[in-house]
Amino acid sequence: MAPVKSVCFIGAGFVGGPSGAVLALKNPDVEVSVVDLSETRIAAWNSDALPIYEPGLLPVVKEARDAEVRPQNLFFTTDVKGTIKRADIVFICVNTPTKTAGIGAGKAPNMAYFESATRMIAAEAESDTIIVEKSTVPCRTAANMREILKAVGKPGVNFEILSNPEFLAEGTAVADLMKPDRILIGSMQTPSGLEAAEVLANLYGSWVPKENILKTNIWSSELAKLAANALLAQRISSINALSAICEATGADVGEIAYAAGLDSRIGSRMLQASVGFGGSCFRKDVLNLSYMAETLHLPEVAAYWQSVVAINEWQKSRFTKRVISTLYGTLTGKKIAVYGFSYKKNTADTRESAAISVVKDLIAEQAKVCIYDPQVTKAQIWEELDINGCHLADVEKFVTIAQNPYDCASESHAVIVLTEWDEFSNKDVVDWEQIFDIMERPAFVFDGRRVIDAGKLQRLGFRVECIGRGNPF
Ligand code: NAD
Ligand code: UDX
């Protein structure tokens, strides 16, 4: 096959933007274009104020995009059709959110954006093209794509479909892309399928060691992505289920995770008990897997994965109930300071953040909620609460935004830590002694992330309640 000259990423989001940038950086001879329908998103990618907050991303983008130290080979554009026409390889990185209406609503992924991207490639491609599924999709999506490409594609143009799911986590996207645990490439096991997989492997081979590039059949690759996210989410639900037992018995879930995680068969990562996992992937992908099982007439399997999500929902509401009961059964009129609104540290992404559910519950209790997050804007918090069913009139009435942790905590009855931003752990920026001075008495801290030094705060006079820690006496 001729050398790859031009690559297109459709969807300039959390996956397409960083993935395109790193591929361009590592393959200076390949023209990489990241395309999107959204003009504002593309304009932001072409500026120094990138549309996503991701540590270390701007220097990577600038090096490939700005032609200051080397010829430019990274382009962000809304010219979707023109870019597809030139591309040897097209990565589909569009969103596949959970359906909100129709059959499978609340469970099945909405494949409309993905299908529309597939149809656009089929209609525009003028020469043989490799199409790469990078979005997370149900197993056997490639079979649907094959039919569409056959029906819509121009005569004489051949398509090869590969599955190459993305495993990056937000907040560490650049590091994950630079040094991935593995690159997974699924292809049809035909000569042309295997050849296409080799072409893609060679692009990654410019920075990923060969032994970390795994080739499988296409259905395994599609399913492996859902499996990986489901297994990770399941670990968090498992440790969160144990956190409830800890709170009731006096055991400490941190010690449980440490002791269990030292078993090399279990391992220590993804065992941090929390107020609940968030992010655009875990819930969606576990539900996707569960729905697939349902449609494959495997109800027991569907129920098993569904329970991972159910525990997560329960964990979020359990946390708020603990806040309410500890604050003597009523929050009415009490100021509650919420530290953190993003779903994890080092990202401004708020999709499925546990903070949404907690804040909704606090509003229902008529608390005066004040939120401080170092990266998330007021507009985004308002939008997130709006799309998750809060009446904007209630949000305006009960919620305020603070620009720093001190204004946030001033005259509050409790501080609730919902995101593990480094500045909230008391080794860092927040001066908890000062916070204590400006709060009502008793001054409570509820740590939904287990990031604060509870002993130190207790010595300062705080009453501290942590996820997964009960009374040890
Ligand atoms: P996103 O919402 O941030 O970005 C998707 C982009 O695609 C949007 O900018 C949208 O405008 C654009 N788009 C939609 N349809 C289009 C079309 N027809 N033509 C051009 N642009 C179009 O989504 P994301 O978080 O980057 O996720 C993308 C996919 O990757 C999803 O399937 C997701 O499950 C998967 N994934 C996400 C992550 C993550 O951390 N966010 C990690 C791994 C995999
Ligand atoms: C996840 C997967 O990790 C990644 O491989 C996939 O490509 C996309 O989905 P992401 O959602 O960005 O990535 O972040 P992750 O670090 O996995 O955290 C997800 C949620 O789980 C966050 O809310 C996080 O705070 C929470 N979490 C994570 C825990 O509660 N405990 C843990 O031990 C780890």
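Phe444 counts as buried, at 1% relative accessibility. In this predicted model, Phe444 belongs to strand β13 (residues 444-447), while Tyr328 sits in the loop between α12 (299-326) and β9 (335-339). Tyr328 is exposed, its relative accessible area being 54%.

Because Tyr328 lies in a loop and Phe444 in strand β13, their pair ties together parts that are 116 residues apart in sequence. An aromatic cluster is formed by Tyr339, Tyr372, Phe424, Trp432, Phe436 and Phe462.

Turning to ligand 2, its shell holds 20 residues, of which Phe167, Leu168, Ser274, Tyr343 and Arg449 are the closest. Helix α9 (residues 218-249) supplies the largest share, four residues. Domain 1 (6-208) and domain 2 (282-466) both contribute to the shell, so ligand 2 lies between them.

Several polar atoms of the protein face the ligand. A side-chain N or O atom of Ser274 is 2.6 Å from an oxygen atom of ligand 2, and a polar side-chain atom of Tyr343 is 2.7 Å from an oxygen atom of ligand 2. From the backbone, an N or O atom of Gln272 lies 2.8 Å from a nitrogen atom of ligand 2. The protein buries 89% of the 660 Å² that ligand 2 exposes when taken alone.

Notes
Residues numbered from 1 in each chain as written. Chains lettered and ligands numbered in written order. Predicted model: local features only at pLDDT ≥ 70, side-chain atom pairs only at ≥ 80, totals over all residues. Heavy atoms only, no water. Near = heavy atom within 4 Å. Polar contact = N/O pair within 3.5 Å; in protein donor to acceptor, adjacent residues only side chain to side chain. Areas by Shrake-Rupley, 256 points an atom, 1.4 Å probe, with all protein chains shown as cover. Helix = DSSP H or I, 4+ residues; strand = E, 2+ residues; numbered from the N terminus. Domains from an automatic or database assignment. Buried < 20%, exposed > 50% of the residue type's maximum accessible area, 1.4 Å probe, protein only. Phe/Tyr/Trp six-rings, centres within 6.5 Å; stacked < 30°, edge-to-face > 60°.
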